[in-house]
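Colleague: I'd like a close look at a single part of this model. Please take it piece by piece.

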Amino acid sequence: MISNKPAFLIFSLLLLSALLFKINAQDAAAAGSDPAIKAGEKIFKSNCASCHKVKGNLIGPQLYGAPQNWEENGEFEGESGQEWLYKWVKNSQSVIGTGHPYANQLFEEWNKSVMTAFASLSNEEIDNIFAYVEYEANKAPAQDVTASAEGAGGASGSGKYTELFLYILLALLLLIALILLRVSNVLNRMVLEKEGEEIPAPVPFYKNKKLITTIVLLLFIYVGNNIVNSAIDLGRQQGYAPAQPIKFSHKLHAGLNQIDCQYCHSGADQSKHSNIPSANVCMNCHKGVQNGPEHGRKEIAKIYAAIGWNPGKLSFIDDYASMPKEEARELYKQWLSDDSEKDYSKADVDEVLAQVQEPIEWVRIHNLPDHVYFNHSQHVNAGDVECQTCHGAVEEMDVLHQNAPLSMGWCISCHRETPVEFARNDYYKTYKKFHDQIKEGNVSKVTVEMIGGTECQKCHY
């Protein structure tokens, strides 16, 4: 007698594997490995990127080539152009006050815009900034931001094709199982006929108890798996991308213009929360930048209408809160009508006018349960965690969305796998045991889990 158990066993194992199969993909980006370049990148993005680009002018001139220009044109009163460049970065107005010809020429060329003083920067840090600028300007061209975004979309879209492939695979496995079952039955009948034994009446496949039992069991596993996963996902918002009162593009600001995350979200390295930037932070750039590449003046006008900036006079409106609302609305309506590049619809204008003398009510995207403790400054400073680790490639997002599940399992996996910058971080000086083990070669890395990062009370209190 030929048994049909192998067919059922193969079918069951393959089908169960297919039902529980999941695919995850991650992209990684490499940066310059030189410590000076990495240090310069951080300073550039934190202090310079809001007004300067590496190549191409923004509010101020491009920084690529600046050291050479100062060396060629900046020698004055017995000091080299490089020495004057250091002084210029630390306090440009004091250099202009000395009568320095090149400094005054720059000041005139840029409409006498006053550069922010960075007195706390050392000469070495300024050198690091320009080392990063030189590296960034001469490295191989990066993939186009739009293409990257489409690639990211393609990666997420590939999940649909994976799911379709699994369903096709399940159908094929089911067909193979039925064929094997049929072959097994035919062979059994042939053996019985040869031995002269009674041949039982054929049983239709849909009445086969073993097949029915297997299908019921697998359906139970499938439905149970979906119920458990759905219960686990309750309250989670992965992929959440709400409409915001202003169409703010991280792709434009953090990607194209390379503005550092912490320039706007300054609380990320100083407090538990990463703050939503105030409109005053927006105005650091948008006093001068009045037109956007896609929406023209419309979205920027909402900021002006909320904070009380007169774009015609380039100044804040005195006592804006007490200004008659209709008068304020007329001001911004007129300014939009003067935009020769855009023809705004009534709905566009109404959106701007609705923001007059009203706060900008941003919609929160990332939100943890109340019983979970998370500290941004601890991860940014002690952990040296990049924003993209949790928030994804925000520099490629026109519309910001929650990238990671932010689940307990996701956090614990990171703590178990992520090595701590243990040797070069003063925060971990007190962990003498691990420093000794590293020196002795007993451990190659120290993870967050090894220093208590998976203890319940670390995150729940």
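How many disulfides does the structure hold, and at what angle do helix H2 and helix H7 pack?

Modeller: This is a predicted model, where local features need pLDDT of at least 70, side-chain atom pairs need 80 or more, and totals for chains, interfaces and linings use all residues. Numbering runs from 1 along each chain as its sequence is written, and side-chain values use heavy atoms, without hydrogens or water.

The structure holds 0 disulfides (cysteine sulfur pairs within 2.5 Å). For Cys387, the nearest cysteine sulfur is that of Cys261, 3.8 Å away. Cys282 has Cys264 as its nearest, at 6.8 Å. Cys387 has 22% relative accessibility, so it counts as partly exposed (between buried, under 20%, and exposed, over 50%; 1.4 Å probe, protein chains only).

Now the helices (DSSP runs of H or I, at least four residues). H2 (residues 35-48) meets H7 (residues 123-138) at about 95 degrees, with axes 7 Å apart (lines fitted to C-alpha atoms over the stretch in contact; angles run N-to-C, 0 to 180 degrees). They are therefore roughly perpendicular (65 to 115 degrees). Ile37, Ile43 and Phe44 are among the H2 residues in contact (heavy atoms within 4.5 Å). On H7, they include Ile129, Tyr132 and Val133. The contact has 11 nonpolar, 2 polar and 3 charged residues.

Beyond four places in sequence, Val89 touches residues including Met115, Phe118 and Ile126.

Notes:
Helices (H or I, at least four residues) and strands (E, at least two) are DSSP runs, numbered from the N terminus. Angles under 35 degrees count as roughly parallel, over 145 as roughly antiparallel, 65 to 115 as roughly perpendicular and the rest as oblique. Ala, Val, Leu, Ile, Met, Phe, Trp, Tyr, Cys and Pro count as nonpolar, Asp, Glu, Lys and Arg as charged, and the others, Gly among them, as polar.
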